[in-house]
Amino acid sequence: MLVDSGKTMLAQRLPTILPPLDFEEALEVTKIYSVANKLPGHGGLVRQRPFRAPHHTISDVALVGGGAWPRPGEVSLAHRGVLFLDELPEFQKSALESLRQPLEGGTVHIARASHSVVFPAACMLVAAMNPCPCGYYGDPTHDCVCRPDQRARYQARISGPMLDRIDVHVEVPAVPYADLRQSRAGAGSAAMRERVLAARAVQKRRYGAGGPRCNAELSGALLDAHCGLDAPGHDLMEAAVNRLALSARACARVLRMARTIADLAGAKSIDAAHLAEAVSLRVLDRGQGGMA
């Protein structure tokens, strides 16, 4: 989840650093688009990772799928790609809550009297929101005009269980004009993708054929086996749980994120620094900027 500014641009860049679809993934995505009658004009396999950005007025059925003759919704059309929900609190609460099961299990189950359908929905959810209705709470250059109760109601539109299912919460501060006009050398998408590909290669070797595709799919015994902590790590996790009131689901997501941070750093195991960085990436759990 991204908070404050530069949100849409960052979300749109995500597919450019993700690994290309392999044949099996491309086949899965193509089947979904074929069922939804949304195949590209060339009619061949879909080779690009999907990027779906529905408007906040979308209905529950259009978001998760359904209808008299069930069709895939946006969460399935984003399978193996990115589902971007801009202005997250503006979505209908029922629509957001309907995403909880697909985000947890990677599938959408639709039952009708005569039949039932299961659509794949293993996507990366990226959401963006302002800190308050006017958008200026915590901004050093603008005064917020919202009352505390207005901010609280705005933030309460996103439930705790929904936040639990989002691995990373980061605040993106506004960029000063002086920085915007300067050309800064930084890592481009190609360089960042190489780092991602290297980390994915490590995970592929670790889990082997038939295992999880990436750390995000770790659960149960595999999570325990590959995200083990040393004594300082356990102390740090206990402190984080007590201070931030992390749920069991949030703890698992922190461990998976720490494993990914370690992979990007080329480390064989998770140390306290990797875990601390993973915890620091959950801004809304810490209540920074009045967001929790």
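Guide: At 36% relative accessibility, glutamate 90 is classed as partly exposed, that is, between buried (under 20% relative accessible area) and exposed (over 50%), with a 1.4 Å probe and protein chains only. This is a predicted model, in which local features need pLDDT of at least 70 and side-chain atom pairs count only at pLDDT 80 or more, while totals for chains, interfaces and linings use all residues. Residues are numbered from 1 along each chain as its sequence is written, and side-chain values use heavy atoms, with hydrogens and water left out.

Visitor: With which residue does arginine 157 form a salt bridge?

Guide: A salt bridge requires a side-chain nitrogen of Lys or Arg within 4 Å of a carboxyl oxygen of Asp or Glu. For arginine 157, the closest N and O atoms of the pair are 3.6 Å apart. The partner is glutamate 90.

Visitor: How many residues apart in sequence are the parts tied together by arginine 249 and glutamate 104?

Guide: These two side chains form a salt bridge whose closest N and O atoms are 3.1 Å apart. Helices here are DSSP runs (H or I, at least four residues), as are strands (E, at least two), numbered from the N terminus. Arginine 249 belongs to helix 13 (residues 248-264) and glutamate 104 to helix 6 (residues 100-105), so the parts that the pair ties together are separated in sequence by 145 residues.

Visitor: Is glutamate 25, the salt-bridge partner of arginine 213, buried or exposed?

Guide: The closest N and O atoms of arginine 213 and glutamate 25 are 3.4 Å apart. Arginine 213 is partly exposed, with a relative accessible area of 24%. Glutamate 25 has a relative accessible area of 6%, and therefore counts as buried.

Visitor: How far from arginine 151 is the nearest side chain of opposite charge?

Guide: Arginine 151 lies in helix 7 (residues 148-155). Its contacts (heavy atoms within 4.5 Å) include Cys132 and Tyr137, with residues up to four places away in sequence not counted. Arginine 151 is buried yet has no salt bridge, and the nearest side chain of opposite charge, aspartate 149, lies at a distance of 8.1 Å.

Terms used. Lys and Arg count as positive and Asp and Glu as negative; His and the chain ends are not counted.
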